[in-house]
Amino acid sequence: MRYDPIRRLLLTPVDLDAPDRVRRLRQLGIGERPEPAFDAFALHLAQLAGAPYAMVNFVDEERQFYAGLHTPAPETGRIRDRDHGYCPHVVVRRKALVLEDVRDFPRFAGNAVVDETGLRTYLGVPLIDRTGIALGTVCVVDTRPRQWGRAGLETVKSLAAELSEQIRRREDGADI
């Protein structure tokens, strides 16, 4: 957990559900390796949202893992510290986070991904499974500020619900 003592901001939220999430991810067999179906999902999400980056991200106690990833450049890695990025906030809050320009929000502007990747805008929604656990997120990212609007938010929410259903079917023995 990172804390900014100058601005008195909790930069990474406390995640009391992480142990249950990790157990559930292991039960499902997801969140530890790239999956072509999740990569295809991320590509579809990026195309629908008109964003250069899209992810299916699973969060544990220490890190985030992009089991589904679409980027405009060659892949640079799928693992990120839990303190880097915005998905842990979505998972802990269990609701969407829309940042049209991350620099407008002191709590989020100081995050390492702003400087590392040039991230400027983020839209993420929780990926909640049949047991009610927030497994991770479905998110889109851009390097320029943009207004996602209600339509953008509803698109990502709808796709997250579809992916949750696919994970449920997979658990029941059907392939995604």
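**Loop residue**

I located Glu100 in the loop between strand 6 (97-99) and helix 4 (106-109); helices (H or I, at least four residues) and strands (E, at least two) are DSSP runs numbered from the N terminus. The model is predicted, so I note that local features need pLDDT of at least 70 and side-chain atom pairs count only at pLDDT 80 or more, while totals for chains, interfaces and linings use all residues. Residues are numbered from 1 along each chain as its sequence is written, and side-chain values use heavy atoms, with hydrogens and water left out.

I read Glu100 as partly exposed, because its relative accessibility is 34% (buried is under 20% relative accessible area, exposed over 50%, partly exposed in between; 1.4 Å probe, protein chains only). Beyond four places in sequence, its contacts (heavy atoms within 4.5 Å) include Arg120, Thr121 and Trp148. The C-alpha atoms of Glu100 and Thr121 are 5.0 Å apart, at a separation of 21 residues along the chain.

**Helix 1**

I listed Ala18, Arg21, Val22, Arg24, Leu25 and Leu28 as buried in helix 1. They lie on the same side of helix 1, because they cover an arc of only 165 degrees around the axis (taken from the directions from the helix axis to the C-beta atoms). The face turned away from this buried side carries the exposed Arg26 and Gln27. The buried residues of helix 1 pack against strand 3, helix 3 (87-93), strand 8 and helix 6. Just after helix 1, Gly29 has a positive phi of about 70 degrees.
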